[in-house]
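Visitor: I am new to this structure and would like to learn how its features are read. May we go through them one at a time?

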Amino acid sequence: MQKIKIGSHVKMAGKEMFLGSVKEAASYGANVLMLYTGAPQNTVRKEIAALNIEAGWEYARETGIEEIVVHAPYIINLGNTVKPETFELGVTFLEKEIKRTAAMRSRILVLHPGAHVGAGEEAGMKQIIKGLNLVLDENEDDVYIALETMAGKGSELGAAFEEIRAIYDGVHKRDRLRVCFDTCHVNDAGYRLAEDYEGVLRQFDEVIGLSQIAAIHVNDSMNPCGAHKDRHANIGKGCIGFDVLCRIVHDERFAQVPKILETPWLCEEGSKEKTLPPYKEEIAELLKG
């Protein structure tokens with residue numbers, strides 16, 4: 001059996017930047033990690049030269065961290081036809097994020113496909129395809145855009161596997177697309193992962209192809225199947241359950257796929273503030289099986 005690629009979302013901030021990210025991941029016993037290149041809610045970014053990339057990778061090699069995943073910020077909404085300036089910002093910023101991802105030596109940039117914000121699914125889907133074509137037609141970097149499976153809250157697109165397939169079908173450079181399979185989102189979108197693990201994966205394989213999964217977000221869900229809520233729960237504390245999440249982590253079909261935990265931080269006893277990362281314990285539990 002191959003070594004399982006598993007880690008969590010980590011911060012990148014302060015003077016150490018990427019080096020600090022790697023140190024955090026190593027403290028959890030991770031061998032992969034995921035990060036934002038800056039705050040997910042805004043466009044403020046440091047120059048690539050200030051990200052401390054070389055020092056981070058040197059420490060990564062010492063601690064057995066082999067791969068990183070970058071997550072694009074939430075401010076990118078390629079599905080917006082209502083506000084042209086939002087769409088234009090999304091295209092411009094996604095172009096820059098691809099450059100930063102390549103500079104950080106990652107090949108996977110996870111992207112929420114987009115939301116139609118009231119204009120309707122058809123208009124939103126066409127706009128997402130348009131935006132991806134504008135970005136990818138002019139970009140030659142060796143980076144995949146991994147479209148994340150969404151929960152379907154609000155006007156989010158990409159909750160149905162068929163919607164992601166339709167994006168693939170409309171993108172000229174579809175070989176540059178991949179999928180980030182989020183277990184919480186798939187559950188909340190209405191796929192019965194907890195009751196029919198193989199059935200859901202078979203359906204995904206038929207519509208998109210399991211080979212297209214480039215990253216897996218391993219999250220339990222606070223809500224029952226089909227709730228369209230997108231509220232992550234800690235491993236084994238939600239409606240999906242430990243056994244199913246452990247199964248996907250150990251699934252040989254995904255041996256080369258990084259599995260990333262995005263589960264909620266915990267409170268110290270007697271406190272209401274979430275100050276304790278759960279990742280060291282959850283990674284150990286999942287690896288133990």
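**Reading the structure, feature by feature**

Guide: Let us begin at the end of a helix: helix 9 is followed by G289, whose phi is positive, near 80°. Please keep in mind throughout that this is a predicted model.

Visitor: Which residues of helix 9 are buried?

Guide: Helix 9 spans residues 279–288, and its buried residues are Y279, E282, I283 and L286. They lie on the same side of helix 9, because they cover an arc of only 100° around the axis.

Visitor: What covers the buried residues of helix 9?

Guide: The cover includes strand 1 (6–9), strand 9, helix 8 (242–250) and strand 12 (259–261).

Visitor: You mentioned a positive phi. Which residues other than glycine have one here?

Guide: The general idea is that most residues other than glycine have a negative phi. In this model, R105 has a positive phi of about 65° although it is not a glycine. V117 is another residue other than glycine with a positive value, near 40°.

Visitor: Where are R105 and V117 found?

Guide: R105 is placed in the loop between helix 3 and strand 4 (108–111), while V117 belongs to the loop between strand 5 and helix 4. R105 has a relative accessible area of 39% and V117 has one of 40%. Buried means under 20% and exposed means over 50%, so values in between are called partly exposed. R105 is therefore partly exposed, and V117 is likewise partly exposed.

Visitor: Is L132 buried or exposed?

Guide: L132, found in helix 4, is buried, with a relative accessible area of 0%. Not counting residues up to four places away in sequence, L132 touches L78, L94, L111, D137, I145, L147, I167, V171 and L177. Distance along the chain and distance in space can also be set side by side: L132 and E95 are 37 residues apart in sequence, and their C-alpha atoms are 9.6 Å apart in space.

Visitor: Which residues is F181 in contact with?

Guide: Leaving aside neighbours within four places in sequence, F181 is in contact with T149, F161, V186, L193, L201, F204, I213, A215, I216, H217 and I248.

Visitor: Where does T183 lie, and is T183 buried or exposed?

Guide: T183 lies in helix 6 (residues 183–189) and is buried, with a relative accessible area of 0%. Beyond its neighbours within four places in sequence, T183 is in contact with L193, H217, V218, N219, I240, L245 and I248.

Visitor: How does one read a residue in a loop, such as Q212?

Guide: One asks about its place, its accessibility and its contacts. Q212 is found in the loop between helix 7 (197–207) and strand 9 (213–218). The cut-off for buried is under 20%, so Q212, at 15% relative accessibility, counts as buried. Leaving aside neighbours within four places in sequence, Q212 is in contact with Y168, L177, R178 and V179.

Visitor: How does T92 read in the same terms?

Guide: T92 is found in helix 3 (residues 84–103) and is partly exposed, with a relative accessible area of 39%. The C-alpha atoms of T92 and G154, 62 residues apart along the chain, are separated by 25 Å.

Visitor: What is the volume of the second largest pocket, and what lines it?

Guide: The second largest pocket has a volume of about 200 Å³. It is lined by 16 residues, of which E67, R107, I108, Y144 and A214 are the closest to its centre. Strand 3 (67–71) and strand 9 each supply at least two residues of the lining. This lining divides into eight nonpolar, two polar and six charged residues.

Conventions
Residues are numbered from 1 along each chain as its sequence is written. This is a predicted model: local features need pLDDT of at least 70, side-chain atom pairs count only at pLDDT 80 or more; totals for chains, interfaces and linings use all residues. Side-chain values use heavy atoms; hydrogens and water are left out. Helices (H or I, at least four residues) and strands (E, at least two) are DSSP runs, numbered from the N terminus. Buried means under 20% relative accessible area, exposed over 50%, partly exposed in between (1.4 Å probe, protein chains only). Contact means heavy atoms within 4.5 Å. On a 1 Å grid over the protein atoms alone, a cavity is a set of points where a 1.4 Å probe fits but cannot get out, and a pocket is an open set with protein on both sides within 12 Å along at least five of seven lines; lining residues have an atom within 4 Å of a point. Grid points are joined across faces, edges and corners, and a volume is the space filled by probe spheres set on the points. Ala, Val, Leu, Ile, Met, Phe, Trp, Tyr, Cys and Pro count as nonpolar, Asp, Glu, Lys and Arg as charged, and the others, Gly among them, as polar. The arc is that of the directions from the helix axis to the C-beta atoms.
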